[in-house]
Amino acid sequence: MSQLVLEQALNGLQFGLMLFLLAAGLTLVFGIMDCINLAHGSLYMVGAYLVAAAAQAADSFWIGLGVGVAGAALLGLLLELSLFRRLYKLDHLSQVLATFALILIANESVRMIWGAQPVLLNPPEALSGPVEIAGFFYPAYRLVIIAFGLAVALVLYLLVARTRVGMWVRAGASNREMTEALGINVPGLFTAVFVFGVGLCALAGGLLGPLLAVQVGMGESVLILAFVVIIIGGIGSIRGALVGSLIVGMVDTLGRALLPTLLRAALPVEAASTLGPALASILIYLLMAAILFFKPQGLFPARA
Amino acid sequence: MAFYRAAPWQKPVTITLLLALLALPPGLTALGQAFYIGFATRVLIFALAASSLNLVLGFGGMFSLGHAAFFGAGAYAVALCLSGGISDGLVALPLAMLAAGLFALVVGAISLRTRGVYFIMITLAFAQMAYYLFVSARAWGGDDGLPLTGRMTLGGLSLASDGALFYAALGCLVLTMIFLGRLADSRFGRVVQAIRENETRMEALGYPVFRYRLLCFVLGGALAGLAGALLANQTGLASPNLLQWMQSGTLLVMVIIGGVGYLYGGVVGAVVLLVLEEVLSGFTLHWHIGLGLLLLGIVLFAPRGVAALFGKSRG
């Protein structure tokens, strides 16, 4: 039992860190530009496809990851310059409509290029086996993902908390007009943040590719989770995104793994087998509703 | 934004269109295109669903991204009514509206305490919750959905033929639009629109802002339930896919295309989107790309919706 809990906790940590890669970009775009980007999940999907294609062409996962992320970031740059730059000025309704349109375009383009079947992305040969930690076996590749996630979180923290650009970003998130008035090149900052966010979500897509199926529609479900994360954490806050991601990752993974077993101890088998999965799948939404009820601005509001 | 006021040309145009619609099923049958009666019914049902969202979004100013939950609740309610032996629509449809309305009451009572982006997200979260609940409810078919035991009847009249269902949907839509038109002009409608314009001021004037918005939200949810119940009758299935957030997104797109806060915005948007789908899908399998590009065009060049392109229907 304790082994199961430990293993699921590691899975939850891994899931949470990947959610953080997605949520970090989303929370900044949302917080600084005040722009709802429903297409963030699509960029994650496109990133995964680009990584898969590049890895296949180069016959190396790591080269594929690098090329794929760079390709996605380039796509993000083009999108920002051509479309998002105009969207910042429009209202939320228009942003929702435009990025909804982008989801349609991205899904259909991917289906046209790669077909409707999921694309296979193999983890690097050396990492495909399990490793033994504390008496049980855990896939080496998942450990690498955890390491990647922690490293990115650390880099991001240093970047946002310790550098001048990071200071501008934080200033932009808490008061955009004032930041502009202080003479910061806000449009340039927006572009940089957007491209960086796209790169991060493509990285998440590429890293998760070998674990999940790379397929059309993979972006939509994860997008909602990323939104839940940034709402829990507080829009515009990187720290909130990290805490929110870990909470959501842990609660979701542990809930799915343990809740049915726990309920079986308290309820008749019949009721537990029906209620368990249902409750596990809505657990994070209940959590979000509860957090919003008590802290309507999220745990770490950026605009304090 | 200002208060809604019907344009003078609206009434004659509506009556002409209505007469044309009454002649549609026999006309299509005579032309040997009876297949399109089903399509036309679908358009009417989505027009009703989009109009219900327009009440919440356009008149109430509440940006809900979880409207499909009420749509789906209506579908499941009517499926459960039919399997429970209640096959008369005169009972089943009000029950579906009641179920969707009660659900909206719970969601609204909690969500309306938040503002702005948080409101968008919490309505979305509730819809996702409902979606996952229905997906994991094995007694109600889970993933596969709950098939209807048959179509309902309406006061003893059978709706088994596509033509009959078309007229039933048309009747529901017409009654709803008359209701919404009256509502927009009523005291309640005025207050709700005024709250959209300036909440603080209405609060200061002593209006119970929260209760007005909640009632508007519940009415929208109940009407979405009516549309869901009709759609379940057409497709013969109450599916959890009806509650998915992409469905909420589609309804939202319809309202925005048509024109937010215009009485006929939802109707125009549903017609435009579904007809476009039908036409584009005839040309190419990849019609989503065309649709996406078109939506982008609307955002960038006609941000106030199609209804706004044809004259001014706002005072």
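**Chat about a two-chain predicted model**

Modeller: The contact takes 34 residues from chain A and 34 residues from chain B, two residues being in contact if their C-beta atoms, placed from the backbone, lie within 7 Å. This is a predicted model, where local features need pLDDT of at least 70, side-chain atom pairs count only at pLDDT 80 or more, and totals for chains, interfaces and linings use all residues. Residues are numbered from 1 along each chain as its sequence is written, while chains are lettered from A and ligands numbered from 1 in the order in which they are written.

Colleague: Thanks! Which helices of chain A each supply at least two residues of the side that touches chain B?

Modeller: Those are α4 (92-114), α9 (218-233) and α11 (269-294) of chain A. The largest share, 15 residues, comes from α4(A). Helices (H or I, at least four residues) and strands (E, at least two) are DSSP runs, numbered from the N terminus.

Colleague: And what is the make-up of that side of chain A by class?

Modeller: The side of chain A that touches chain B has 25 nonpolar, six polar and three charged residues. Here Ala, Val, Leu, Ile, Met, Phe, Trp, Tyr, Cys and Pro count as nonpolar, Asp, Glu, Lys and Arg as charged, and the others, Gly among them, as polar.

Colleague: On to packing inside chain A. At what angle do α3(A) and α8(A) pack?

Modeller: α3 (residues 61-87) and α8 (residues 186-208) of chain A pack at about 145°, with their axes 8 Å apart. The axes are lines fitted to C-alpha atoms, for helices over the stretch in contact, and angles run from 0 to 180 degrees between N-to-C directions. The crossing of α3(A) and α8(A) is right-handed; a crossing is left-handed if the near helix is turned anticlockwise from the far one by less than a right angle, and right-handed if clockwise.

Colleague: Which residues make the contact?

Modeller: Among them are Gly68(A), Ala72(A) and Gly76(A) of α3(A), with Val195(A), Gly199(A) and Ala202(A) of α8(A). The residues of this contact of α3(A) with α8(A) divide into 12 nonpolar, five polar and one charged.

Colleague: How does α1(A) run relative to α8(A), roughly parallel or roughly antiparallel?

Modeller: The axes of α1 (residues 2-33) of chain A and α8(A) come within 8 Å and cross at roughly 160°. That makes α1(A) roughly antiparallel to α8(A); angles under 35 degrees count as roughly parallel, over 145 as roughly antiparallel, 65 to 115 as roughly perpendicular and the rest as oblique. α1(A) passes α8(A) in a left-handed crossing.

Colleague: What about α8(B) and α10(B), at what angle do they pack?

Modeller: α8 (residues 187-197) and α10 (residues 209-235) of chain B pack at about 110°, with their axes 10 Å apart. That makes α8(B) roughly perpendicular to α10(B). Their crossing is left-handed, and the contact includes Ile195(B) of α8(B) and Tyr212(B) of α10(B).

Colleague: Switching to strands: in what sense do β1(A) and β2(A) pair?

Modeller: β1 (residues 130-133) and β2 (residues 136-139) of chain A pair in the antiparallel sense over four bridges, and strands pair if DSSP finds at least two bridges between them. Val131(A) stands opposite Tyr138(A) in β2(A). The hairpin has two residues between the strands, and Ala134(A) takes a positive phi near 45°.

Colleague: Last one: why does Val165(A) count as partly exposed?

Modeller: Because Val165(A) has 14 C-beta neighbours inside 10 Å; a residue is buried if 20 or more other C-beta atoms lie within 10 Å of its own, exposed if 12 or fewer, and partly exposed in between. Val165(A) sits in helix α6 (residues 164-174) of chain A.
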